[in-house]
Amino acid sequence: MDLIIRRAMLPRSAASQDGQAVDIGIDAGRIVAVEPKLAASAAEEIDAAGSLVTPPFVDPHFHMDATLSYGLPRVNASGTLLEGIALWGELKPDLTQEALVGRALQYCDWAVARGLLAIRSHVDVCDPRLLAVEALLEVKRRVAPYLDLQLVAFPQDGILRSAGAFENLKRAIAMGVDVVGGIPHFERTMADGAQSVRLLCEFAAEQGLRVDMHCDESDDPLSRHIETLAAETQRLGLQGRVTGSHLTSMHSMDNYYVSKLLPLMRESGVAAIANPLINITLQGRSDTYPKRRGMTRVPEMMAAGINVAFGHDCVMDPWYSLGSGDMLEVAHMGLHVAQMTGVDGMHACFDAVTVNAARILGLEGYGVAPGCAANLVLLDARDPVEAIRLRAARLAVVSRGKVVSRAPAARAALSLEGRPAQVDFKLHRG
Ligand SMILES: [Zn+2]
């Protein structure tokens, strides 16, 4: 074998060995064995020593065309969504393909180092030059040996509101963009929003593509495009291929209406993506106090059998000044905002940045089992809850069977009379 990772603990969602450490054998880019005390040898062996090995983090919602552009041409003074969109509009004419590719590749380096090996990125198609589309298709080719990048044709300014946007979106798909996007709540009227959902879903059905729309990213309880998205999914037979991103208006909706909406979403097989870091900072901006959190109803959707994942959305761009590609930070924020502090809830938040997100992207061979792709992350934590609590170091990241990143464990040396020489921030009992 090429590589064996010994004495690994698996997350609940991948655990077939029920709390027992396993050895993971890897050959020719595939996992070939997952069992205790594997009787084999390999060119390289890594001792996990009881730490967690997980399939890679997956970011199901990102904007790689804008990432790392913080401060260009100026910073977002108010920090609001609308100033962010205006700022992006100011930046667009100055974009060059070279700078875009450079920033995206730098972000992908960060992602790999964070064990984030699959990203679904929206790419703005409203610029008729489609410069960002060309740039991200180039990035997709360049990172393909180590990272799965899936692209969504995203009409930032609306397909009905912005002249030529739908045609540009179709051209982007013809160039090789994977998924049909949309932004119904940004169209001029509710009726236009619903019409945009219909047109885009029909186009996706014709082309046999997945759909992922920015949907109802507002605090308006009457923004109900998710209902149209679910109904169109059923009408066109798109079950399992459609995702509503953000869905923040659901936070503010009437409870009776939501009790009808959740079963409709469940029957339609529509998945949901919350973006906790962005939702908690951008929503509720028109409120005084009490101030709404604005994140969609994550635990309620999960309980209703809807697949829910968490996305990073933004890192150092016109909408968000912070972030570093760390999906554990995303899970940490999601856990807090959704108050998912029970044991099952915390594990569900880990799943939201791993296995649930992988299902949305339709990743093949994702998991820790024989036959799966050898994409793995060794964390400096013993289980998913500790990983979230510590935003644990990625001790080793394996992509396509090769170790592509290593990082030291987080340790601090103490100089205190009568106290230990070192702390690792883990609970050690007797
Ligand atoms: Zn977004």
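1. The site of the zinc ion is irregular, with angles of 86 to 179° among its four donor atoms. The model is a predicted one.

2. The zinc ion is coordinated by the NE2 atoms of His61, His63 and His214 and by OD of Asp313, at 2.1 to 2.5 Å. Along the chain, the spacing of these donors is H-x1-H-x150-H-x98-D. Distant parts of the chain are linked by the pair His61 and Asp313, which lie 252 residues apart. His61 belongs to strand β6 (residues 57-62), while Asp313 sits in the loop between β13 (308-310) and α11 (327-337).

3. Helix α12 (residues 343-352) is largely enclosed by the rest of the structure, because eight of its 10 residues are buried. The buried residues of α12 are Gly345, Met346, His347, Ala348, Cys349, Phe350, Asp351 and Ala352.

4. How do α11 and α12 pack? Their axes are 9 Å apart, at an angle of about 140°. The two helices are therefore oblique to each other, since an angle has to be over 145 degrees to count as roughly antiparallel. The crossing of α11 and α12 is right-handed. On the α11 side the contact is made by Leu328, Ala331, Gly334 and Leu335, and on the α12 side by Met346, Cys349 and Phe350. Residues three or four places apart in an α-helix point the same way, because there are 3.6 residues a turn.

5. Gln156 lies in the loop between β8 (148-154) and α4 (165-175). Apart from neighbours within four places in sequence, the contacts of Gln156 are Ile85, Trp88, Asp124, Cys126, Ile183, Phe186 and Trp319.

6. Ser69 is placed in the loop between β6 and α1 (81-91). Its relative accessible area is 2%, so Ser69 is buried. Residues up to four places away in sequence not counted, Ser69 touches Leu91, Arg103, Met316, Asp317 and Pro318. Ser69 and Arg141, 72 residues apart in sequence, are separated by 22 Å from C-alpha to C-alpha.

How values were computed: Residues numbered from 1 in each chain as written. Predicted model: local features only at pLDDT ≥ 70, side-chain atom pairs only at ≥ 80, totals over all residues. Heavy atoms only, no water. Donors = N, O, S within 2.8 Å, 3.2 Å for Na, K, Ca; no water. Tetrahedral: all angles 85-135°; square planar, octahedral: opposite > 155°, others 65-115°. Helix = DSSP H or I, 4+ residues; strand = E, 2+ residues; numbered from the N terminus. Buried < 20%, exposed > 50% of the residue type's maximum accessible area, 1.4 Å probe, protein only. Axes fitted to C-alpha atoms, helices over the stretch in contact; angles between N-to-C directions. Parallel < 35°, antiparallel > 145°, perpendicular 65-115°, else oblique. Left-handed = near helix turned anticlockwise from the far one by under 90°. Contact = heavy atoms within 4.5 Å.
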